[in-house]
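Please read them with the structure open beside you.

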Amino acid sequence: MSPLSQFQTAMAACPLVAILRGVRPEEVVEIAEALIASGISIIEVPLNSPNPLASIELLVRAAGARALIGAGTVLSVDQVNAVAAVGGRLIVSPNVDPLVIRAATQSGMVVLPGYATPTEAFAAIAAGATGLKLFPAEAASPAVLKAHRAVLPHQVPILAVGGVDVSNMEAWRQAGADGFGLGSALFKPGMTASEVGMRAAALVGACAAR
């Protein structure tokens, strides 16, 4: 299955991206298995985590056929290439950098750049972004996303990332969010796989309740 097909299938089943910032290689597979068992099958390891490429490579080997695995906080073409070299198929950035977006698309990867304004969003789409990440969502609001949705192409998925949890997920969905990136609401360093699995189950349930 291509990365794009894997992304589309995962989004249709459960439009949540697990952001494992701070995860360590020795724990990442067990945590990912808990996420997958809960229904989350898009997983990013931010590159400012401990030894992130090792974690990504371990995840690809253990779960690459069952989950879309890749990196977050990707800021350069060299980082895109490094993620691709260990089998990552997903690139998530906090910003819109056309060079990063093009490098990812040329490698056949799914790329979700972070944007804050319609100008940034249209620049990302023009560069070939698979989808968009409204980031940080807590600096905007569902009303802002609703206004963006009025002008942005509806076939381009938008994920709200930052400050999203069970309490506000539905408001974002009503405003036009197609999915969510979940960081501290789902995982914090030091959590066990069991704890992450319980949080994941609650978030998947909230996302499914409409």
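1. A residue is called buried when its relative accessible area is under 20%, exposed when over 50%, and partly exposed in between, using a 1.4 Å probe and protein chains only. By that criterion, buried residues make up 51% of the 210 residues in the protein chain.

2. This is a predicted model, in which local features need pLDDT of at least 70 and side-chain atom pairs count only at pLDDT 80 or more, whereas totals for chains, interfaces and linings use all residues. Residues are numbered from 1 along each chain as its sequence is written, and side-chain values use heavy atoms, with hydrogens and water left out.

3. The protein chain has 9 helices and 9 strands, taken as DSSP runs (helices H or I of at least four residues, strands E of at least two) and numbered from the N terminus. Its radius of gyration is 15 Å, close to the 17 Å that the globule rule gives for 210 residues, so the chain is as compact as a globular protein of that length; the radius is taken over C-alpha atoms, and the rule is 2.2 Å times the number of residues to the power 0.38.

4. Contact here means heavy atoms within 4.5 Å. Of the contacts in the protein chain with a separation of 6 or more, 59% are between residues 24 or more positions apart.

5. A nonpolar core is a set of buried Ala, Val, Leu, Ile, Met, Phe, Trp, Tyr and Cys residues joined through side-chain atoms within 4.5 Å. The largest one holds 62 residues, of which Leu16, Leu35, Ile43 and Phe180 touch the most other members, and helix α9 (residues 193-208) gives the most to this core, with 7 residues. Leaving aside neighbours within four places in sequence, Leu35 is in contact with Ala18, Leu20, Ile40, Ile43, Leu186, Val196 and Ala200. Apart from this core lies another, of 13 residues, among them Ala10, Leu90, Leu112 and Val161.

6. On a 1 Å grid over the protein atoms alone, a cavity is a set of points where a 1.4 Å probe fits but cannot get out, and a pocket is an open set with protein on both sides within 12 Å along at least five of seven lines; lining residues have an atom within 4 Å of a point. The search finds 1 cavity of 30 Å³ or more, and Leu112 and Val161 are among the residues that line the largest cavity. The largest pocket is lined by 20 residues, of which Ile19, Arg21, Val161, Gly183 and Ser184 lie nearest its centre.

How values were computed: Points joined across faces, edges and corners; volume = space filled by probe spheres on them.
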